[in-house]
Amino acid sequence: METCPRPSSSTGGRRVTIRGQIAGLAYNDGDVVEFLRRAGLPDAADLLDQGDWVEWRGGRAHHYEAA
């Protein structure tokens, strides 16, 4: 599974894509974890820093403030 929190938008948050589908806009790690849970990964919090599962694009990992 590929999860890509993309760069922060002008209002804050990061778009999350899972397997090529937009899952939603995350404003914190909890939002990313919830998107992953809905995609079938119940222990997703443990995956946020594992590059095989989550690829942070265009910005630092765990940062959601406006660009």
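Trainee: Is D46 buried or exposed?
Mentor: This is a predicted model, so the answer rests on computed values. D46 sits in the segment after helix 1, which spans 29-38. Exposed means over 50% relative accessible area. The relative accessible area of D46 is 58%, so D46 is exposed.

Trainee: How far apart are the C-alpha atoms of D46 and V33?
Mentor: Start with the sequence: D46 and V33 are 13 residues apart along the chain. Now go to space, from C-alpha to C-alpha. The separation is 9.0 Å.

Trainee: In which order do the elements of the protein chain run from the N terminus?
Mentor: Count the elements before you order them. The protein chain has 1 helix and 3 strands. Read from the N terminus, the order is β-β-β-α.

Trainee: In which sense do strand 2 and strand 3 pair?
Mentor: Strand 2 covers residues 14-18, and strand 3 covers residues 21-26. There are 5 bridges between these two strands. Strand 2 and strand 3 also form a hairpin, with 2 residues between them. Their pairing is antiparallel.

Trainee: Which residue in the turn of that hairpin has a positive phi?
Mentor: Look at the turn between strand 2 and strand 3.

Trainee: Which residue of strand 3 does R14 stand opposite?
Mentor: R14 belongs to strand 2. Strand 2 pairs with strand 3. Look across from R14 into strand 3, and you find A26.

Trainee: What is the nearest side chain of opposite charge to R14, and how far away is it?
Mentor: R14 is buried, yet has no salt bridge. A salt bridge needs a nitrogen and an oxygen within 4 Å. The nearest side chain of opposite charge to R14 is E65, at 7.3 Å.

Trainee: Which residue has its backbone oxygen 2.7 Å from a polar atom of the R14 side chain?
Mentor: R14 has no salt bridge, so look beyond charged side chains. A polar contact needs N or O atoms within 3.5 Å, so 2.7 Å is inside that cut-off. The backbone oxygen belongs to R60.

Trainee: Which residues are linked in a network of salt bridges?
Mentor: E34 forms a salt bridge with R37, with the closest N and O atoms 2.5 Å apart. E34 also forms one with R38, at 3.0 Å. E34 takes part in both, and the linked residues are E34, R37 and R38.

Trainee: About how many helical turns separate E34 and R38?
Mentor: Both residues lie in helix 1. They are 4 residues apart, so the separation is about one helical turn.

Trainee: Which side chain meets E55 in a salt bridge?
Mentor: The structure holds 3 salt bridges, and one of them involves E55. E55 is partly exposed at 35% relative accessibility. The N to O distance is 3.0 Å, and the partner is R57.

Trainee: What percentage of the residues of the protein chain count as buried?
Mentor: The protein chain has 67 residues. Buried means under 20% relative accessible area. The share that counts as buried is 33%.

Conventions. Residues are numbered from 1 along each chain as its sequence is written. This is a predicted model: local features need pLDDT of at least 70, side-chain atom pairs count only at pLDDT 80 or more; totals for chains, interfaces and linings use all residues. Side-chain values use heavy atoms; hydrogens and water are left out. Two strands pair if DSSP finds at least two bridges between them. Buried means under 20% relative accessible area, exposed over 50%, partly exposed in between (1.4 Å probe, protein chains only). Lys and Arg count as positive and Asp and Glu as negative; His and the chain ends are not counted. A polar contact is a pair of N or O atoms within 3.5 Å; within protein, one must be able to donate a hydrogen and the other to accept it, and residues adjacent in sequence count only if both atoms are side-chain atoms.
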